[in-house]
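Subject: Structure handover

Hello,

Here is the structure I said I would pass on. My notes on it follow below.

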Amino acid sequence: MKKTKSYKYEQPAVELLKVAERCVPYNPRTYVSLFSSAGVGCYGFKESLFHCVATVELLERRLKIQAHNQKCTHEDGYISGDLTTKEVKDKVFAELNRWKRLYNVGDLDVLIATPPCQGMSVANHKKKDELKRNSLVIESIKLTKEIKPKFFIFENVRAFLTSICTDIDNEDKPIGQAIDYNLSGYYNIHTQILNFKNYGSPSSRTRTLVIGVRKDLKEITPIDVFPDQHPERTLRDIIGHLPSLKKMGELSRNDIYHNFRQYSPHMENWIANIKEGQSAFENTDQTKIPHRIKDGVIVYNTHKNGDKYTRQYWDKVAPCIHTRNDILASQNTIHPTDNRVFSVREVMLMMSVPNSFKWSEISLDKLNAMSLKEKSEFLKKEEMNIRQCLGEAVPTAILRQIANKIGKFLSQNEYTEHEFVDIIQEKKLVEHKRLLKYISEDTSMSFAQLSKIAELANAQRENNAAFYTRQDICYSIIKNLPEAKTYTTLNILEPSIGVGNFLPILIKKYKSVPVVNIDVVDVDKNNIELLRELVKKIDIPSNISINYINDDFLLHPFEKRYDIIVGNPPYKKIIKEKTKLSHYKANAYNDDTNNVFAFFIEKAMWLGDTVSLIVPKSVINAPEFNKTRKLMNKHRISRIIDFGEKGFKGVKIETISFILNTKEKSDITVVESYITNGVFAHKQSYIADSFFPYWLIYRNEYFDTVAAKLKFNIFKAYRDRCITKAITKNIGKIRVLKSRNIGNNEIIDIPDYDCYMDDISYLDVTKFLNQKNCILLPNLTYSPRACILPPNSIADGSVAILTPIDKNTKMTERDLAFYATDEFTKFYAVARNMGSRSLNIDNNSVFFFGKLKQ
């Protein structure tokens, strides 16, 4: 990029455009950085060839360092100011619009936020009321919601997620909950407390990392972009090559940043004789214990942290770097050999900051060529700012790894389903042996790609009612299962494994548990054979074992209880196999259904402590699952995800997933919606209120307000299932009304649509002919309207016929007109759980067509 001579906001726009034209490629990778300090961490994104659209930092002296490193293409991208103000936010959006206008950048790729952590840090002993400062994270959440980047990254201290902030709704809550409720509707989010020393950073630094992946990005999860584990490195490995500095004020001839920072000479005696790992407070000579003289009396320094005045070990991992890494009295700052704090260069190396990073507009060569006096003056002016920036930074290596992984995903050309089908046809993979051989020999595709091919090939070969579950969908289900730290030994059951879509994420989530046993079940032996080959594509830690069971889950005699049962059971009704159905129903509580998934739910509840399955959405409202819901509601349902029709591409079925805890009583249920992109929490007793005929997962205050106006449960519903177009005609004695004929308190005549019959005596719907108080409602619609069934008319299956339970109930025109209002329409959408397929008016949903209270 073009080298800037100085940090000037007023650089001419024409010159900036020339810079941009030379530096920005077609379809650039982009990011925004909030609370960015000197940009030490997100320098890793620059190294990975990402372009910074905007960077926001309150302190201009730190923002200048980012300019020295030519982080932004445009000078206006460097934004100095308070992110809580509209002015600063407007500047961020102005830069986003500039990139959209100049470079055709649609969606921002990455948003990085590292809000101030002093209110949460265990190192801050002067904390008072930090709620306001903690709440700066909400500004990051707000901008993430507005910008909707493909990925977001939040990084902060260990206590980040449990610290209290004031949320967007002005309620005080843990930051983790605020992130979940505000962003989980749009993003799959993974949070983890990591010590970066195990993930490629040269020094110990325990931090909370939060990564979100937008839900429209397929086959990628936030776990996929977390940094990889790396072996620890010792302090000797990191800085052992640097020359020793023995003299106070000494500067390395070849590196101005490798310096012996001066301190009061009398303090050197305190640390001169301590060994590695010892603190000056351990000196036996009391004159060498850190102290001050007050009125001629020795007053010993307080010893709040055990790591003050402590000499570090050469052959252990480098210590955590704090903002006050300039003084002996801070935490873990003393060199293993020299009687000094670590130099700036040493701290840079411990924070994985590359030599190419610039702290000044003056080149390193010119700085090193300065006179000793000039160097000292430079350090006096700049060193404290540099050290503080390093102490609050994200190690460059951590964000570089994340940037590389995101960049790889953004640049890859993902196979389309059509291309997978072409491969299946070309290689004749419908044949099981060919498919098995193909998976065994392929070295270019990922587990997810091969499992997609296997699932599609199986679907072509047989009708197995199995659907491919994408990795991002698997993650959304697994993410809220109990944390790994809960277990020392973990038993997991996948009751209908198919080709193992859940396995990679389960393994990643629980790889830190000492012993993990995963039992996988499938009735199809071919699936088990395929799975054995597919599993070879996964890196499975030695603490995880997989046991394969080729049997029918519903009939298999399990001999142990499971901590977690998770999966995607088959969705099909047993029609012809009467014997099998009788076996399934033998021990089932719900014998009103023939649908296999309901039996899976019941058996999983008997076998598991935590059960999470993805099933048809009809389970929450259909009459045939009334007993299933009753059984489930006896336990705690901690989360429901409504995928709508977005769970399975190309499959017209609505699905939900749930997490049910069989050992816990009902409490709060969090509902996450792919339909509204919202996340909300209510008491389980509120959404599963027994007053209503089924669960209302979108129930809210508006719904309750409208419900208070109505008297419910006044109708029974009927729908004809025999009248078809083939038995109707254009004229006749009896009119057959269809959905478009139903208006608001009127029948609508439609040319070339209206139909009739002469003889209806053989139809069951005849019983409603010329009956009073029959109400007509169009079926399968979110635009309800109603009218009275007119004389000499019946209705086909596109219309529900409602009859009063109490014959004395009289519906007025005002009652019926209410169904056509916007007020009722909005209420009805909640009553139908925002469904798109399960909209039949049945004897459950008819409950909500009430009569206005007088």
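To begin with, Glu383 is buried, with a relative accessible area of 3%. Please keep in mind that this is a predicted model. Glu383 forms a salt bridge with Arg261, and the closest N and O atoms of the two are 3.3 Å apart. Glu383 belongs to helix H12 (residues 372-391), while Arg261 sits in the loop between strand E11 (255-259) and helix H9 (268-271), so this pair ties together parts that are 122 residues apart in sequence. Arg261 has a relative accessibility of 21% and therefore counts as partly exposed, since the buried class ends under 20%.

Other salt bridges

The count of salt bridges comes to 54. One of them joins Glu139 and Lys89, with 2.7 Å between the closest N and O atoms. Glu139 is in helix H6 (residues 136-147) and Lys89 is in helix H4 (residues 86-103), so the bridge links parts 50 residues apart in sequence. Both ends count as buried: Glu139 is at 9% relative accessibility, and Lys89 is at 15%.

The bridge between Asp749 and Arg735 has its closest N and O atoms 2.8 Å apart. Asp749 lies in the loop between strand E27 (746-747) and strand E28 (755-757), and Arg735 lies in strand E25 (residues 734-737), so the pair ties together parts that are 14 residues apart in sequence. Asp749 counts as exposed at 55% relative accessibility, whereas Arg735 is buried, with a relative accessible area of 13%.

There is also a network: Asp180, Lys215, Lys479, Arg639 and Glu672 are joined into one by salt bridges that share partners.

Helix packing

Two packed helices are described by the angle between their axes and the distance between the axes. For helix H15 (residues 432-441) and helix H19 (residues 525-535), the axes come within 9 Å and cross at roughly 15 degrees. Angles under 35 degrees count as roughly parallel, so H15 and H19 are roughly parallel to each other. The crossing of H15 past H19 is right-handed.

Backbone and surface

Which residues other than glycine have a positive phi? Asn170 is one of them, with phi near 70 degrees. Asn170 is located in the loop between strand E6 (164-166) and strand E7 (172-174), and it counts as exposed at 64% relative accessibility. Leu49, which is not a glycine either, has a positive phi of about 70 degrees. Leu49 is in the loop between helix H2 (43-47) and strand E2 (51-57). With 63% relative accessibility, Leu49 counts as exposed.

A nonpolar patch on the surface is formed by Ile293, Ile298 and Tyr300, which together have about 280 Å² of accessible area. Of these, Ile293 is part of strand E12 (residues 291-294). Its relative accessible area is 55%, so Ile293 is exposed.

A buried strand residue

Is Val615 buried or exposed? Val615 is buried, with a relative accessible area of 0%. This residue lies in strand E18 (residues 608-616). Val615 and Phe597 are separated by 18 residues in sequence, and their C-alpha atoms are 6.8 Å apart in space.

Regards

Key
Residues numbered from 1 in each chain as written. Predicted model: local features only at pLDDT ≥ 70, side-chain atom pairs only at ≥ 80, totals over all residues. Heavy atoms only, no water. Patch = residues over 30% accessible without salt bridge, like charges linked within 9 Å, V, L, I, M, F, W, Y side chains within 5 Å. Areas by Shrake-Rupley, 256 points an atom, 1.4 Å probe, with all protein chains shown as cover. Salt bridge = Lys/Arg side-chain N within 4 Å of Asp/Glu carboxyl O. Helix = DSSP H or I, 4+ residues; strand = E, 2+ residues; numbered from the N terminus. Buried < 20%, exposed > 50% of the residue type's maximum accessible area, 1.4 Å probe, protein only. Axes fitted to C-alpha atoms, helices over the stretch in contact; angles between N-to-C directions. Parallel < 35°, antiparallel > 145°, perpendicular 65-115°, else oblique. Left-handed = near helix turned anticlockwise from the far one by under 90°.
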